[in-house]
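Q: Could you take a close look at how the helices pack against one another here, going through the geometry and the residues in contact?

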Amino acid sequence: MRDDYPLYVKWRYIVSYLLDICGKFPKNVRFNLADRITNISLDVIEYIIEAIYAKRKIDILKRANLSIEKTRALLQIAVDRSYLSMGQYEHISREINEAGKMVGGWMKSCGE
């Protein structure tokens, strides 16, 4: 059922990618910055699942949207600190931006 939702499929890819790249962060930031990035991205997938099954989706989608913004900010810090290459950052930013547009479209379809 969840695989019928392109946003779910997209964000599952993003989480997988983030888990891979955050696992390669230096040890001194792996347990704070990397964990924050991965935990917030995992929160997003939970929000997506909740929204799929909820009758009132808008509040859940707003939380997902906020968490996507937090993920973007943390990734910008990671690239500023050279924990991510510019190529990795550009790739994941495109994916996250597309997912953000999907969330926005879903919110509009809910009347927000």
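A: In this predicted model, helix α3 (residues 33-53) and helix α4 (residues 58-80) pack at an angle of about 160°, and because angles over 145 degrees count as roughly antiparallel, α3 and α4 are roughly antiparallel to each other. Their axes lie 9 Å apart, and α3 passes α4 in a left-handed crossing. On the α3 side the contact is made by Leu 33, Arg 36, Ile 37, Ile 40, Ser 41, Val 44, Tyr 47, Glu 50 and Ala 51, while the α4 side contributes residues including Ile 60, Leu 61, Arg 63, Ala 64, Ser 67, Ile 68, Lys 70 and Thr 71. Sorted by class, the contact of α3 with α4 holds 14 nonpolar, three polar and four charged residues.

Helix α3 also packs with helix α1 (residues 6-22), at an angle of about 165° and with the axes 10 Å apart; α1 and α3 are therefore roughly antiparallel to each other, and α1 passes α3 in a left-handed crossing. From α1, the residues that make this contact are Leu 7, Tyr 8, Trp 11, Arg 12, Val 15, Leu 18, Leu 19 and Cys 22, and they meet a set on α3 that includes Ala 34, Thr 38, Leu 42, Ile 45, Ile 48, Ile 49 and Ile 52. By class, the contact of α1 with α3 has 15 nonpolar, two polar and one charged residues. Ile 37, Ser 41 and Val 44 of α3 take part in the contact with α4 and also in the contact with α1.

Methods. Residues numbered from 1 in each chain as written. Predicted model: local features only at pLDDT ≥ 70, side-chain atom pairs only at ≥ 80, totals over all residues. Heavy atoms only, no water. Axes fitted to C-alpha atoms, helices over the stretch in contact; angles between N-to-C directions. Helix = DSSP H or I, 4+ residues; strand = E, 2+ residues; numbered from the N terminus. Parallel < 35°, antiparallel > 145°, perpendicular 65-115°, else oblique. Left-handed = near helix turned anticlockwise from the far one by under 90°. Contact = heavy atoms within 4.5 Å. Nonpolar A, V, L, I, M, F, W, Y, C, P; charged D, E, K, R; others polar.
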